[in-house]
Amino acid sequence: MLFDMDGTLVDSEKLWDVALRELAAEYGGVLSAAARRSMVGTNMADSMRILHEDLGQPHRDPLVSGAWIDVRILELFRTGLRWRPGALALLGAVRAAGVPTALVTSSTRPLVEVALDTLGRDSFDVVVCGDEVDATKPHPEPYLTAARLLGVPIARCVAIEDSPTGVASALAAGAAVLAVPAEVPIAPADGVHQLESLTGADLELLAALLGEPPA
């Protein structure tokens, strides 16, 4: 099992909303809803470029802005991280069944370390962070890396994602995909099963996505 983090397991996109809108205000502007939607699932550098362009300030340094966001989002993660509906129950069922499990996220390791205080450090056999791969989502490398570290063929993995960027990454890697849109809609696609939430998702469903009976 390959789990995305932001918007999939934890309701962190709202915390990103706070940090991004605060940074836009710091720069004397207002982040548009369209720009915010286009950031979902992207890495920090791309998000900062989108923000700068949306504010009409493309001259700003993405590294400087990203550092500001890093500090603020760490503060928010420590105080306001909440599970997405059904996520805790599904993760618990997967772990209880002994299924090899990875966290695959575009967030950086320092932020993920804070999130693991909520998610549980024993909830995953492998954690792949955005600053630990050469190419982030939508490139397939994060999911291919996770499957390799788990020692499981990617074709035998189900990836759970909430964003078009993450779905594209998982599909390109060759995983079966369970999409649970959180902030932005996900277009129907072959190989992608969509649910409104993870409430009610179970091992039987995950096995069915791989075309096999449940263990």
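Ala102 stands opposite Val126 in strand S3. Strand S2 (residues 102-104) and S3 run parallel and are joined by 3 bridges. This is a predicted model: local features need pLDDT of at least 70, side-chain atom pairs count only at pLDDT 80 or more, and totals for chains, interfaces and linings use all residues. Residues are numbered from 1 along each chain as its sequence is written, and side-chain values use heavy atoms, without hydrogens and water.

**Sheet**
- The open sheet has 6 strands in the order S3-S2-S1-S4-S5-S6, with parallel pairing.
- Strands (E, at least two residues) and helices (H or I, at least four) are DSSP runs numbered from the N terminus.
- Two strands pair if DSSP finds at least two bridges between them.
- S3 (126-128) and S6 (192-194) are the edges; each has a single partner strand, so one side of each lacks a neighbour in the sheet.

**Cores**
- The largest nonpolar core holds 48 residues; Phe3, Phe77, Leu103, Leu119, Phe124 and Ile160 touch the most other members.
- Another core, of 21 residues, lies apart from it and includes Val126, Tyr143, Leu150 and Ile186.
- A nonpolar core is a set of buried Ala, Val, Leu, Ile, Met, Phe, Trp, Tyr and Cys residues joined through side-chain atoms within 4.5 Å.
- Buried means under 20% relative accessible area, exposed over 50%, partly exposed in between (1.4 Å probe, protein chains only).

**Lining of the largest pocket**
- Helices H1 (13-26), H2 (33-39), H3 (44-54) and H4 (62-80) each supply at least two residues of this lining.
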